[in-house]
Amino acid sequence: MVVYTSLTYLCVIYLTQYRADEEPVDQKKYLEDLCKPKCVKPLREYQACVKRIQGDESGHKHCTGQYFDYWTCVDKCVSIPLSQNGSI
């Protein structure tokens with residue numbers, strides 16, 4: 001049994017709305033925009049890190065870990081509706 005979330009439902013509607021004579025559109029950006037609100041905590045942690053290291057002149061401090069944590073959250077969210085749809 002496949003359980004469809006509201007995000008999956010929106011993806012199906014979005015994917016079926018283009019006509020055959022139109023160029024297909026990559027859904028990644030659309031899906032990422034739907035998922036970003038679900039990843040607020042990692043985004044806030046990244047933003048806090050960026051603010052913390054603003055004055056670093058040495059260049060040794062960075063927020064790479066927080067940046068990747070945020071995008072990992074977004075990627076996981078995007079992958080769920082795609083795998084439920086059988087698109088992967």
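1. A disulfide is taken here as a pair of cysteine sulfur atoms within 2.5 Å, and by this rule the count comes to three disulfides in what is a predicted model. When the bonded cysteines are numbered in sequence order, they pair as 1-6, 2-5, 3-4.

2. The disulfide between Cys35 and Cys77 has an S to S distance of 2.2 Å, and the torsion about its S-S bond is about -75°, so this link is left-handed. Because Cys35 lies in helix α2 and Cys77 in helix α4, the pair ties together parts that are 42 residues apart in sequence. Cys35 is buried at 0% relative accessible area, and Cys77, at 9%, also counts as buried.

3. Cys39 is joined to Cys73 with an S to S distance of 2.1 Å, and this link is left-handed, with -85° about the S-S bond. The pair spans 34 residues, from the loop between α2 and α3, where Cys39 sits, to helix α4, which holds Cys73. Cys39 is buried at 0% relative accessibility, whereas Cys73, at 23%, is partly exposed.

4. The sulfur atoms of Cys49 and Cys63 are 2.0 Å apart, and their link is left-handed at -90°. Cys49 belongs to helix α3 and Cys63 to the loop between α3 and α4, 14 residues apart; both cysteines are buried.

5. The largest nonpolar core has seven residues, including Cys35, Cys39 and Cys77. Helices α2 and α4 each give two or more residues to this core, and α4 gives the most, with four. Tyr70, also one of the core residues, touches Lys36, Cys39, Pro42 and Leu43, not counting residues up to four places away in sequence.

Note on methods
Residues are numbered from 1 along each chain as its sequence is written. This is a predicted model: local features need pLDDT of at least 70, side-chain atom pairs count only at pLDDT 80 or more; totals for chains, interfaces and linings use all residues. Side-chain values use heavy atoms; hydrogens and water are left out. A nonpolar core is a set of buried Ala, Val, Leu, Ile, Met, Phe, Trp, Tyr and Cys residues joined through side-chain atoms within 4.5 Å. Buried means under 20% relative accessible area, exposed over 50%, partly exposed in between (1.4 Å probe, protein chains only). Contact means heavy atoms within 4.5 Å.
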